[in-house]
Protein chains: 2
Amino acid sequence: MIVAFNLLLLSLVKHQVAPMVSEKEKYLTKEQQLIALVQSKVGNRYVGDDCARLPGNLLVTSDTLVERTHFILVKEEARLKDLGWKSMAVSLSDIAAMAGVPRYALIAITMPENLSRQHFAYLYQGLIDCSKRYKTDIVGGDITKGTVLSITITVIGEANERGCLLRGGAKPGDVVVVTGDFGASKAGLKMLLDDKSLKQIQGNIAVDDIDGHHFSNCLASHNRPLPRLEESWALVNETGSRGALMDASDGLADALAQISRASEVGMTIDLQKVPIKGETAVVAKMYGEAPLDWALYGGEDYQLVACLPEKTWQTWLNRNKDKAIPFQAIGRATSSGKVELMLGNEQGPELDLRRCFQHIA
Amino acid sequence: MIVAFNLLLLSLVKHQVAPMVSEKEKYLTKEQQLIALVQSKVGNRYVGDDCARLPGNLLVTSDTLVERTHFILVKEEARLKDLGWKSMAVSLSDIAAMAGVPRYALIAITMPENLSRQHFAYLYQGLIDCSKRYKTDIVGGDITKGTVLSITITVIGEANERGCLLRGGAKPGDVVVVTGDFGASKAGLKMLLDDKSLKQIQGNIAVDDIDGHHFSNCLASHNRPLPRLEESWALVNETGSRGALMDASDGLADALAQISRASEVGMTIDLQKVPIKGETAVVAKMYGEAPLDWALYGGEDYQLVACLPEKTWQTWLNRNKDKAIPFQAIGRATSSGKVELMLGNEQGPELDLRRCFQHIA
């Protein structure tokens, strides 16, 4: 569940990208109306974050991945296993975004007739691999037939007893921190959609060795995202329920804007501190695009964005002088009410919400 | 969730019915293989009933309804509201089938672009109407775009503290009881798919008045099924966890066979005692079909089938001599290991599992 009712418009079929932009813009506007409509109709205390938090410390979230909207169906063992992994990871990431621990998953699959039993087994293996990695029991679901492959996963988890971090918990003065790196998933998607790159990878040409970069990391970021469950658990153990948290599934820019909006704070972000891997930058340049744009607007990195009190952050850092902690600071929450992007001490580009992940191909 | 992983092949588009039979037979065989595959892969103590029963007395179930597989999309206010109602009712019926009480629902909708905001609002109104009727809070979900309308509903409920009735709890000597009546949904489907009947209804021609029958009941059974939550709750209050229960979503014959298999008992069912309404019989005759066939194999009635000890049943009846209780007896569990159909004291037809709901159009 992304903003309880949000859009998930991920990897689009390459040939659809160009002609669909204006059509999609129109569509998304309608979708945004739908979200508002649903929120007004069902308005209750559960709707509005990455998961619904129910009595008994329960967290629940549902996410759907649909063929042609979120992925291209490639009937190869590795790709189907990746799809299974990713479908599960997307829902688990919503539990991470509330600093919870996942317990159970239900998997509803709509199967097209052109998918064989063996294809299905590959897909399911990916689902199981990811659920096992994150100690989540698959307890049920549904199998129906349909014209396209569709996977809806519901995950039930538990919030940490120390607290539950929502989007609305940031305060001016908080440190803005993130896990991992950004833009890598977009780089992976570009490589996947580009026949030449893909053939290089499939042909085992050592794409990893160009300038010492490991391009397979980009593909892995796109195909097998790792929900940041351990990281958010570590965070909530430090800060309890005092802070804000969400996953950056729709891009870093979207996450910053959402936390800013829900918490009614501004932010100053130093883009030079936003972690971007060298290989992501190389791929971006290969396509004539700016690595920072991919980091801000690319989406699907499934990293975490959090705000926590300066004092908590410093204590955490001091206690771990000799070892890394899974977050790095990229800015600070302010009382300006606006997300301001800096490049070191210089003014950076304007945050452009129209470019956020759900608005672009 | 129907048998945790089961098939839900409901109302088919009329023109698809004839040409698809053999194709579907093939398909379903594959689907059954898939179910077996999933069960062997995820095999745990949760899989195998209408809901997964999780620690903390929780019941969870997911069901998907897909356009062209489960319903024909008719973009009219009443039909869209009906579709919303039915989608919710199907999942709530799984909670009823475990004698639980539903609490929360998550709704994942895949929207085709040809559905307007107003259409969506009608659909959602139906979902809300049904969830409110059964005191279930809609707490989240997902909205994605796709080529066909698809609705996956996850319901989280609580089992009754007195017990949870599974499919495997019947014992020889138990009384087999059912709620409501059977075959009405199939009659409603036939009327819906038959332009002439539909036009009569739409034109407000008094189809209800033919021979004093109320044919709108058939349509209501098909379009707005009522999950038997109060009835199963009443049952478990009588019998605790001593008995068996499931919903007859895939037809009475399927439910009898499933309970028989899971409980390792036989059954003797008196078909003359299976409740079939007069209007259902009239519609069946109109189409040259046997009302009993519709009752046994028609499906989508969302009634309950239960087994409970003779003594409990008699006590319940005796305490309610002056008023109706929501179940009626249709037979008895035996140690024969086989479901035997009787017509009073005469041998009835063989139970034909190949004709069960998921196998026929």
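This is a predicted model: local features need pLDDT of at least 70, side-chain atom pairs count only at pLDDT 80 or more; totals for chains, interfaces and linings use all residues.

Reply: Happy to! Residues are numbered from 1 along each chain as its sequence is written, and chains are lettered from A, and ligands numbered from 1, in the order in which they are written.

Now for our close look, a sheet in chain B. Its five strands form an open sheet in the order β1-β2-β5-β3-β4, with mixed pairing. At the edges are β1 (52-54) and β4 (137-145) of chain B, each pairing on one side only. On average, neighbouring strands of this sheet are turned by 20° against each other, direction ignored. Strands here are DSSP runs of E with at least two residues, helices are runs of H or I with at least four, and both are numbered from the N terminus. Two strands pair if DSSP finds at least two bridges between them. Strands of a sheet pair through backbone hydrogen bonds, either parallel or antiparallel.

Let's walk through the pairs. Strand β2 (residues 58-66) of chain B pairs with β5 (residues 150-159) of chain B in the antiparallel sense over nine bridges, and Val60(B) stands opposite Ile156(B) in β5(B). On to β3(B): it runs antiparallel to β5(B), joined by 10 bridges, and there you can find Thr110(B) opposite Ser150(B). With β4(B), β3(B) pairs in the parallel sense over eight bridges; the bridge partner of Tyr104(B) in β4(B) is Asp137(B). β3(B) is also mostly covered, since 10 of its 12 residues are buried.

What lies across this part of the sheet? Helix α3(B) lies across β3, β4 and β5 of chain B and runs at about 170° to β3(B). Axes are lines fitted to C-alpha atoms, for helices over the stretch in contact, and angles run from 0 to 180 degrees between N-to-C directions.

Next, follow the chain from the strand to the helix. Asn114(B) is partly exposed, because its relative accessible area is 49%. Setting aside its neighbours within four places in sequence, Asn114(B) is in contact (heavy atoms within 4.5 Å) with Lys75(B) and His119(B). The C-alpha atom of Asn114(B) is also 8.9 Å from that of Thr147(B), 33 residues apart along the chain.

In α6 (residues 216-223), Cys218(B), Leu219(B), His222(B) and Asn223(B) are buried. Seen down the axis of α6(B), these buried residues fall within an arc of 120°, so they line one face of the helix; the arc is that of the directions from the helix axis to the C-beta atoms. An α-helix has 3.6 residues a turn, so residues three or four places apart point the same way.

Definitions and conventions. Side-chain values use heavy atoms; hydrogens and water are left out. Buried means under 20% relative accessible area, exposed over 50%, partly exposed in between (1.4 Å probe, protein chains only).
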